[in-house]
Structures are given as structure tokens and as C-alpha cells.
Amino acid sequence: MDNILFVNACISKDSRTLRLARHLLEHIEGPVMELDLQKEEMISLDSRQLEQREHGIYQTSYAKLLSSAEIIVIAAPFYDLSFPSLLKTFIEMCCVQGIAFYYDETGQCHSLCRAKKMFYVSTAGGSFDPRFGFDYIKEVFSMFFGVKDSTLFMAENLDLFDQGPEAILHQAEVEMDAYFE
């Protein structure tokens with residue numbers, strides 16, 4: 001059984017993204033540590049935080065949590081051609097050299113994280129463009145955290161009048177079920 005970190009970047013009370021993420025989590029065996037980013041006291045990277053990070057006195061609990069996970073599940077709705085800023089702040093707080101990654105003498109980045117698999121779950125009221133959310137997350141998790149296997153599950157066009165959101169969400173759940181069969 002794998003140690004699973006569930007990064008919940010959902011903001012809405014009745015989040016459709018969270019619904020899909022919970023469905024996905026039903027398929028993965030292992031203890032789940034849910035990190036609800038709305039309830040965390042994260043500080044966006046500013047000049048003071050950057051200086052602390054560069055001098056090794058930065059808050060490191062998120063980097064340690066991420067580096068110890070074997071599977072990472074991220075739930076982030078597609079807002080304004082991206083994801084909620086809480087997720088970006090979380091990533092900034094995880095990018096701690098010496099805990100999540102290190103650079104060798106040639107300047108090459110090496111991961112110190114255990115995870116080899118990341119699932120990204122998202123929903124969009126209109127059309128979803130992975131370039132502005134998933135592709136960025138996939139690259140950061142590959143480069144800094146060593147996660148080379150990333151899978152996207154998403155449902156789009158949920159707010160268009162000619163579509164039924166329930167049918168679209170159900171189809172996304174069916175796709176998840178098929179992936180794990």
C-alpha cells in the first residue's frame with residue numbers, strides 16, 4: 001500500500017473537482033493524507049520568504065510532506081486559464097533545496113522525493129486547456145520532484161447550457177474506473 005498525499009486546491013463549497021478527486025481516491029489503496037489548502041496558513045513567496053528559503057530557514061513541512069509521499073493526487077479546478085493560486089503557493093513552499101531536490105556540481109537538478117506517480121484532477125465550466133494548468137504542474141513535478149508518470153482526469157464544458165453537467169461528471173468517473181481496471 002502506498003502513502004498518498006491528496007492536495008486539495010478546491011475552493012467551491014460544492015466542488016465538482018473535489019467530487020472527481022474523491023472518486024479517484026476510491027481506486028488507490030493506501031493511507032491518504034489530505035492537505036486542504038484553504039485551511040493551511042501558507043505564505044506566498046515574497047522577498048523575505050525567498051531570502052529565508054535561500055538561507056535554509058524557510059518553513060519546510062510542506063516539502064517534507066511532499067517528499068515522503070509515494071503517490072500524489074492534486075485536485076485543482078480550472079480557473080481563469082490556470083488553477084487556484086493556493087496551489088502555486090503550495091508548490092513554492094515545496095521547492096526547498098535539500099528536502100525536495102538538490103543540484104549537483106554540474107547544476108543538474110535531482111529529486112529527493114519518493115513519488116513516482118501523480119494524478120491531476122480538474123474541472124472547467126468551459127473548455128479546458130491543459131497547457132495552462134496540468135502541463136505546468138506536470139513539468140514542475142517532473143523537474144523538481146522526480147515524478148515522471150502524471151495522469152490527467154478532467155471534465156470540461158460543465159457550465160454550457162446545451163450540456164448536462166451530471167452526465168459529463170459521470171463520464172469522467174467512468175473514464176477513471178476504466179483506467180484502474
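Entry 1, the strand. I am working from a predicted model. I started with β1, residues 4–8, and found it mostly covered, with five of its five residues buried. Next I asked myself which way the side chains of β1 point. I4, F6 and N8 go one way, L5 and V7 go the other way, and all are buried.

Entry 2, the partners of β1. I looked up β2, residues 32–36, and it pairs with β1 in the parallel sense over five bridges. Opposite I4 I found V32 of β2. To get from β1 to β2 the chain passes through helix α1, residues 16–25, and I noted this β-α-β crossover as right-handed. Then I checked β3, residues 71–75, which also runs parallel to β1, with five bridges between them. Here L5 has I72 as its bridge partner in β3.

T151 sits in β7, which spans residues 149–155. Is T151 buried or exposed? Its relative accessible area is 12%, which is under the 20% cut-off, so I put it down as buried. I then went through its contacts, skipping neighbours within four places in sequence, and listed K117, M118, F119, Y120, F134 and Y179. With Y179 there is also a polar contact between the two side chains, at 3.4 Å.

Conventions: Residues are numbered from 1 along each chain as its sequence is written. This is a predicted model: local features need pLDDT of at least 70, side-chain atom pairs count only at pLDDT 80 or more; totals for chains, interfaces and linings use all residues. Side-chain values use heavy atoms; hydrogens and water are left out. Buried means under 20% relative accessible area, exposed over 50%, partly exposed in between (1.4 Å probe, protein chains only). Helices (H or I, at least four residues) and strands (E, at least two) are DSSP runs, numbered from the N terminus. Two strands pair if DSSP finds at least two bridges between them. A crossover is right-handed if, with the strands pointing away from the viewer, the path from the first strand over the helix to the second runs clockwise. A polar contact is a pair of N or O atoms within 3.5 Å; within protein, one must be able to donate a hydrogen and the other to accept it, and residues adjacent in sequence count only if both atoms are side-chain atoms. Contact means heavy atoms within 4.5 Å.
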